[in-house]
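The stops below can be selected one after another.

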Amino acid sequence: MKLCFASNNRHKLEEIGALLGADFTLMTLQDIGCLEELPETTDTLEGNAEEKASYVWDRYHIPCFADDSGLEVEALHGAPGVYSAMYAGPHRSAEDNNRLLLERLNGKENRKARFRAVIYLILPEYRMKFEGKVDGVILHEPRGSQGYGYDPLFLPDGCTKTLAEMNLEEKNEISHRAGAVQQLVSFLKSLR
Ligand code: IMP
């Protein structure tokens, strides 16, 4: 089955491509000729995922899914959450976001956090939502150079490596996005 993943994030395309397996041909926005920026105007992960998938479906009529994900920090009342990418400003710098996160957590004892991912799927006869989560803590200093975003600061519960110290395979075993994608894949396989 051909499915468009409505994202321009190279890391995510790689991560999700590895999880989907050979039964599915993952098409990018470029592959379907969608070169414009997708809207992300809501204030929830769920709303943004639905908005992006609907944008592609309405204009291109291709089975598609979109995701939105973010880091929710307990002591910051769920921030940066849906604003994770632009926490330190619209320039979307992971380094600046991580620095700001450490600043905001300075002096706070509670370092609990959670990555959450939501996927919204649109097929001609279905609209479905899937969610994955991974719990962990925010370290005091970054560790590791793989992955992206807040990976170097996030130590998943029960792990000795941060997400940025894990290779793709290790990250995919536990990640929020992998959890959501696995549900997506199970659903797609159940349709056959
Ligand atoms: P997106 O809009 O789904 O790309 O995610 C928003 C932001 O959440 C990203 O730019 C990252 O800052 C953060 N984020 C989401 N997933 C991850 C992850 O797996 N590792 C690190 N940061 C992530």
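Which side chain has an N or O atom 2.9 Å from an oxygen atom of the ligand? Select D68: an N or O atom in its side chain is at that distance from a ligand oxygen atom, a polar contact (a pair of N or O atoms within 3.5 Å). Before going on, note that this is a predicted model, in which local features need pLDDT of at least 70 and side-chain atom pairs count only at pLDDT 80 or more, while totals for chains, interfaces and linings use all residues. Residues are numbered from 1 along each chain as its sequence is written, and side-chain values use heavy atoms, with hydrogens and water left out.

Y150 contributes a backbone N or O atom, 3.2 Å from a ligand nitrogen atom. On its own the ligand has 480 Å² of accessible area, and the protein covers 90% of this (Shrake-Rupley method, 1.4 Å probe). Now show the surroundings: 15 residues surround the ligand, and the closest are K12, D68, S69, D151 and K171 (a residue counts if one of its heavy atoms lies within 4 Å).

**Strand 1 and its partners**

Select residues 2–5, which form strand 1 (strands are DSSP runs of E, at least two residues; helices are runs of H or I, at least four). K2 has T25 as its bridge partner in strand 2. On the other pairing, 2 bridges join strand 1 to strand 3, residues 64–73, also parallel. There C4 stands opposite C64.

**Aromatic pairs**

The structure holds 4 aromatic pairs (ring centres of Phe, Tyr or Trp, its six-membered ring, within 6.5 Å; planes under 30 degrees apart are stacked, over 60 edge-to-face, the rest tilted). Select F5 and F65: their ring centres are 4.8 Å apart and their planes at 15 degrees, so this pair is stacked. F5 lies in strand 1 and F65 in strand 3, 60 residues apart. F5 is buried at 0% relative accessibility (buried is under 20%, exposed over 50%, partly exposed in between; 1.4 Å probe, protein chains only).

**Last stop**

Finish at E37, in the loop between strand 2 and helix 2. Is E37 buried or exposed? E37 is exposed, with a relative accessible area of 68%.

Technical notes. Two strands pair if DSSP finds at least two bridges between them. A polar contact is a pair of N or O atoms within 3.5 Å; within protein, one must be able to donate a hydrogen and the other to accept it, and residues adjacent in sequence count only if both atoms are side-chain atoms.
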